[in-house]
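Dear colleague,

My notes on it follow directly after.

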Amino acid sequence: MAHGDYSNGDSFSTLHPDIIQTQILTRLDGPTLTSTASTSSYIHTLCTEQKLWQELSTAAWPSVNDPRVVKAISSFPSGYRSFFADSYPFSEHTWHSEKDDPPTTGLISAVDLYYRGELIYSKVQEMETESGKGGWFLSTPFRVDLIDPKESVETRIRYPGGDYEAWVRDMEESMKLNWILIDPVKKRAANISSRDAVSAKRNWLTGDLEIRFSTVVTGKRAAEVAMVLSCGSAETWKEVDEEVGGEVHVREVRLGIEDIEGKCLKGRESVVILQGLLEGKRSRKDGCGEQGRGKGKYEEYVEMKTEWRKKKERREKFQDTICMIFGFSLFVLLWSFILLR
């Protein structure tokens, strides 16, 4: 292999390419590898090797080893390099007309869940969007469930008993979720998860702990792309005595999209929003204030929802007052007419 030009005095290029690729470039993360590629045309050639980006992708998201994902990535313009460039950064939503038809074939979800850096759950699931206005998917509430209701995923996580609130805070800080959405038709991908959890609270109906990951969409219509992880126990500590503790299982991993009223959007509206994330502008995950951006945006969205509810309550109260005044006036007018006949 030619060693490219040396006009820049780049002594790095004097090393054998095998040494550079196996001993140096393999130690770099994605953003650093991208920056390194811009140093010279020779290094750029070495940095675009598919194997490098494949290893980076599978190390970051083990679920992409699934044959269905491998097949989808193989059709991307630059293979794993394009996939990584799409999936690593956060995506800024771009609005599309709801008149646009959804993809003719299913989207693919590649999901990886971590607890304190350890992979505890990984799954790939295809989502049939059914083209055409008559498809049931388009007219029903959008929801993707990864775990069968009768099943649960065993983990090494344990609730030690005692301070439940402290354990909830620890779970919120320790859980990480990557939910990569892949469109095999348009050859795009996006990590639609906030990565870090944005909230964790107990569901008092089921007794399970629900950990929420969220991407907020604003603009023409505010909405939340919500991924909810539900954790419970094979034992009965959550229902009997929180001092007992026990082994924690993952009972539910689901994806849904809600509007500002908290209503689940239907399939057509949801696919339009997901397409907006797939095709939106990308920003870096780390640095430049990106850390914790998911939770910050979620908290802003919660405040927006609270303010919206207050305005709705004031509007409804005003309407009720008008109706009461109108009804009272009509009552007085009616009796005046009767008495003065």
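The model is predicted: local features need pLDDT of at least 70, side-chain atom pairs count only at pLDDT 80 or more, and totals for chains, interfaces and linings use all residues. Residues are numbered from 1 along each chain as its sequence is written, and side-chain values use heavy atoms, with hydrogens and water left out.

Helices (H or I, at least four residues) and strands (E, at least two) are DSSP runs, numbered from the N terminus. Helix α2 covers residues 30–37, and its residues G30, P31, L33, T36 and A37 are buried (under 20% relative accessible area; exposed is over 50%, partly exposed in between; 1.4 Å probe, protein chains only). These buried residues pack against α3 (41–47), α4 (50–60) and α6 (80–87), where contact means heavy atoms within 4.5 Å.

In a regular strand the side chains alternate between the two faces of the sheet. Strand β5 (residues 153–159) has V153, T155, I157 and Y159 on a covered face, with E154, R156 and R158 on an uncovered one. Its partner β12 (residues 246–259) pairs with β5 in the antiparallel sense over four bridges; pairing requires at least two DSSP bridges between the strands. Opposite Y159 stands G246 of β12.

Most residues other than glycine have a negative phi. R116, in the loop between β2 (107–115) and β3 (118–127), has a positive phi near 50°. R116 is exposed, at a relative accessible area of 56%. K187, in the loop between β6 (175–183) and β7 (188–191), has a positive phi near 60°. K187 is partly exposed, at 32% relative accessible area.

Yours sincerely
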